[in-house]
Amino acid sequence: MALELKNPHSVMAALQTRPIDVTEIRLTAGSAQGSWGDVADEARSQRIPVVIKKSAPQKMKRRQAEDQGRRTAGSVALVKPRTPFVLNELFPDSGQETGGLWLALDCIQDPHNIGAIFRTAAFFGVRGIVLTKDRSAPINATVYDVASGGMEAVPFAVETNLSRSMTQAKETGVWIMGTSEHAEEDVSVYSQDRPWMVVIGNEEKGLRRLTLEQCDVVTRLTPTGIVDSLNASVAAGIMIARFSPFGPGTK
């Protein structure tokens, strides 16, 4: 079933990477300019239908006033979701030299968090993300729109057994770093000296016990101000920036 995407940047990314999965662009009258105009031009070049939805003059005037400054005035694109990767496609073959950063999301339940994590991951060139199938937010249109094209750039797998997935990652030479506010070691103890998979836990409960047991190390982001916790996507963004080969400290 196709998703209705409302962010033109997400739609453009899909058009440029997998146009066969974009089935139709639906624009409101007067919105075929700017980013949506670029989307329409790209879609037409790919021979994808572009439909202009007509509105009565009075209704259109009122709608334009209400939607001033918003990302979209009711325009959407019908886009099929990406097919997840098979887990072993995310990692190099065992014994080969490896580098880079991976993520695992342990039961993240807010689609806005997942979308924001994918956007940051795409910015920093994260090599892959493993998500849990159960007790996690679905990969829906909200995720794609918040990711603003990041969903098209980062390979991902959706797994029933995260613990087993982490074991498979370790067999390819990837080290597992869990994150927990209860960890004894600060994240500053570690550096970009090896390929890491950073594991981000559930917004309320953090990492599950079996997930923690599979981690090579568990670290915390130590607060220095009066607020002692971070949103899951913000914490993930800090970890990505710190341990990505393209992040701060890269030589």
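## Helices α4 and α9

In this predicted model, helices α4 and α9 are roughly parallel to each other (a term for angles under 35 degrees, while those over 145 count as roughly antiparallel, 65 to 115 as roughly perpendicular and the rest as oblique), because their axes cross at roughly 15 degrees. The axes of α4 and helix α9 (residues 232-243) come within 9 Å, where axes are lines fitted to C-alpha atoms, for helices over the stretch in contact, and angles run from 0 to 180 degrees between N-to-C directions. Helices (H or I, at least four residues) and strands (E, at least two) are DSSP runs, numbered from the N terminus.

By class, the contact of α4 with α9 has eight nonpolar, four polar and no charged residues; here Ala, Val, Leu, Ile, Met, Phe, Trp, Tyr, Cys and Pro count as nonpolar, Asp, Glu, Lys and Arg as charged, and the others, Gly among them, as polar.

## The seven-stranded sheet

An open sheet of seven strands, with parallel pairing, has the order β7-β6-β5-β10-β8-β11-β9; two strands pair if DSSP finds at least two bridges between them. At its edges stand β7 (156-159) and β9 (185-186), each with a single partner strand, so one side of each is left without a neighbour in the sheet. Within the sheet, strand β8 (residues 175-179) and strand β11 (residues 217-220) pair in the parallel sense over three bridges, and Thr179 stands opposite Thr219 in β11. Helix α4 (residues 111-124) packs on this sheet, where α4 touches β5 (101-105), β6 (128-132) and β7, and the direction of α4 makes about 165 degrees with that of β6.

Another open sheet, of four strands, has mixed pairing and the order β1-β4-β2-β3. Its edge strands are β1 (3-5) and β3 (50-53), each of which pairs on one side only, and neighbouring strands of this sheet are turned by 20 degrees against each other on average, direction ignored. Strand β2 (residues 22-28) pairs with strand β4 (residues 76-79) in the antiparallel sense over four bridges, with Val22 opposite Val79 in β4. Helix α1 lies across β1, β2 and β4, running at about 150 degrees to β2, while α2 packs on the sheet and touches β1, β2, β3 and β4, its direction making about 140 degrees with that of β2.

Helix α1 (residues 8-17) and helix α2 (residues 34-45) also pack together, at an angle of about 20 degrees and with their axes 9 Å apart, and are therefore roughly parallel to each other. α1 passes α2 in a left-handed crossing. In this contact, Pro8, His9, Val11, Met12 and Leu15 of α1 meet Ser35, Trp36, Asp38, Val39, Glu42 and Ala43 of α2, a set with seven nonpolar, two polar and two charged residues.

## Confidence and conventions

The mean pLDDT (the predictor's confidence in each residue, from 0 to 100) of the protein chain is 89, and 87% of its residues reach 70 or more. Where pLDDT is low, the predicted coordinates should not be read in detail.

Because this is a predicted model, local features need pLDDT of at least 70 and side-chain atom pairs count only at pLDDT 80 or more, whereas totals for chains, interfaces and linings use all residues. Residues are numbered from 1 along each chain as its sequence is written, and side-chain values use heavy atoms, with hydrogens and water left out.

Key: A crossing is left-handed if the near helix is turned anticlockwise from the far one by less than a right angle, and right-handed if clockwise. Contact means heavy atoms within 4.5 Å.
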